[in-house]
Amino acid sequence: MKKETSILDVLTSLSKQRGFVFQSSEIYGGLGSTWDYGPLGVELKRNIKNYWWKSVVTARENVIGMDASILMHPKVWEASGHVDNFHDPLVDNKETKKRYRLDHLIESQDITIIKELCNMLKLKAPEKINEEIVQSIVTSLNKVSQQSGEILIDSGVIDPEDNNVGDWTNMRQFNLMFKTFAGPVEDSGSVVYLRPETAQGIFVNFINAQTTSRKKLPFGIGQIGKAFRNEITTGNFIFRTREFEQMEMEFFCKEDETSKWLDYWKQERLNWFKSLGINSEKLRLRAHGSDELAHYSSACYDIEYRFDFGWSELEGIADRGTYDLSKHMEHSNKKLTYFDQSNNEHITPAVVEASAGVDRAMLTVLADAFTTEEINGETRNVLKLSSKIAPVTVAVFPLMNKQGMPEIAQKIVDDLRSEFSSFYDAGGSIGKRYRRQDEAGTPFGITVDHDTIEDQTVTLRDRDTMEQKRISINQIKAALSESMNS
RNA sequence: GCGAAAGUAGCUCAGCUGGUAGAGCAUCACGUUGCCAACGUGAGGGUCGAGGGUUCGAAUCCCUUCUUUCGCUCCA
């Protein structure tokens, strides 16, 4: 990587300057990987969420919404598999400074080393390497984690990096769930987790939501909310953080219909990103290989965007089968089945999930919208945000600060404010005010000038083309609405 | 967490081998101008990420710590 300025650098500094995103707790030196959304950022983020909610939930007869709490019964996470599966056992080689996931490392070893490991851990020696034996080695090592490094060295575990026996550290568990305590006393009886995904809030409410809404299969439940993961490595600005916000929709259907709905939703969701004006050449759907699939999923597509740090996932659309509802039935002893009247039978619905990151969507629209243009030898920074989500929809200016122009402009902006996100600016030259709004992504500019006083008309400026047309004051709202819906 | 690099004004940065901080842009005020980052004058803003040490004296040298970036790993 060259040391040239990346889009991410530009966006980070633009965000700070213009009030999109600030580093959290900055005056205390910042808290790792947490970000605060400023005046413009909160509008953009909220607009993205509202647009998702409208597209996925309210515009559809067969999707309803809900909002579950972040803290849930700890058994939820046992049932979902997160307590058992949502951590990574890691070891480092002090020699090569490489870090490995222990299960991946063991998988890569020769059978003789595996046998030696089993011998030292008093496990039955296997004939060949399979997932089962890898898992039981990891489990056994975990029980003696204080000696695990020693055991790895003594059994001759090789570092693939240099093909020598590694100088291994003891294994460490990185639990990806944030743990905290409910109630005044810190004891193990009151452990709760900050949810690592919003989906489980939907699954545990499946019956509540279905019966009260009287929905029949197939139907979906959407939710937007915060989730928390104690990621080992965060970074790329707001792309990967420990606290983030999800927009998730769980679509319940018959088990033999999941592939049909998976195809439907992956296309719908891809189109959603395209409808925000995002460059379709930088968007793609990528099917997961069988080795990438999560423990609950049998098929999965990622919607990816090509950032300048590479293709990265914005949203996962997954066939989760009946895994989640079955697990919750098993652990809660409650019936979460659906009565299918057509066949007169109780069935466990299967689930197709569309799970998007709000912060990632926001980073995507910013990265995709940011443009630098050359105008009369000057550079112009423009955020070509869709007018559907731009933080400010319209800015109103008096051409001059005299002849009553400010008063007229102020009256116009007051009148627009209830329907459109509006901004009034009389500071500096008119050109400077246009450029300020270009950089904030404001799609429309209205200027009150000499003619306004004579004939009640103003100019309406388009951010991207910089072209202006003259319209009368009472046409402004109609013109804005029309442009926003096109 | 490990390895590498970095942290000086709101932003981007300069500050040579130690002598208590500067520029451009941005912000605010006044004047002038009036349709695409104009100009003039002036102002505000930094205990140089934090803590400790060496020194007569530290932004500069040493240690610790926090944060950021890039890799390893993981995911929305």
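Predicted model: local features only at pLDDT ≥ 70, side-chain atom pairs only at ≥ 80, totals over all residues.
Residues are numbered from 1 along each chain as its sequence is written, and chains are lettered from A and ligands numbered from 1 in the order in which they are written. Local features need pLDDT of at least 70, side-chain atom pairs count only at pLDDT 80 or more, totals for chains, interfaces and linings use all residues, and side-chain values use heavy atoms, with hydrogens and water left out.

We can start with the RNA. RNA strand B is surrounded by 55 residues, the closest being Lys 16, Ser 33, Arg 99, Arg 229 and Glu 313; a residue is near the strand if one of its heavy atoms lies within 4 Å of it. These residues divide into 12 nonpolar, 24 polar and 19 charged (Ala, Val, Leu, Ile, Met, Phe, Trp, Tyr, Cys and Pro count as nonpolar, Asp, Glu, Lys and Arg as charged, and the others, Gly among them, as polar). On the RNA side, 52% of the atoms within 4 Å of the protein belong to sugar or phosphate and the rest to bases. A side-chain N or O atom of Glu 313 is 2.3 Å from a sugar or linking oxygen of RNA strand B, while a backbone N or O atom of Phe 237 lies 3.3 Å from a phosphate oxygen.

Helix 15 gives the largest share of this surface, 8 residues. Helices (H or I, at least four residues) and strands (E, at least two) are DSSP runs, numbered from the N terminus. Just after helix 15, Gly 441 has a positive phi of about 85°.

Elsewhere, 3 strands form an open antiparallel sheet in the order 4-11-10, where two strands pair if DSSP finds at least two bridges between them. Strand 4 (71-72) and strand 10 (179-181) are at the edges with a single partner strand each, so one side of each has no neighbour in the sheet. Met 72 has Tyr 193 of strand 11 as its bridge partner.

Finally, Phe 203, Phe 206, Phe 219 and Phe 252 form one aromatic cluster. Rings of Phe, Tyr and Trp (its six-membered ring) pair if their centres lie within 6.5 Å; planes under 30 degrees apart count as stacked, over 60 as edge-to-face and the rest as tilted. Both Phe 219 and Phe 252 are buried, that is, under 20% relative accessible area (1.4 Å probe, protein chains only). Their rings form a tilted pair, 5.7 Å centre to centre with 35° between the planes.

Technical notes
Polar contact = N/O pair within 3.5 Å; in protein donor to acceptor, adjacent residues only side chain to side chain. Buried < 20%, exposed > 50% of the residue type's maximum accessible area, 1.4 Å probe, protein only.
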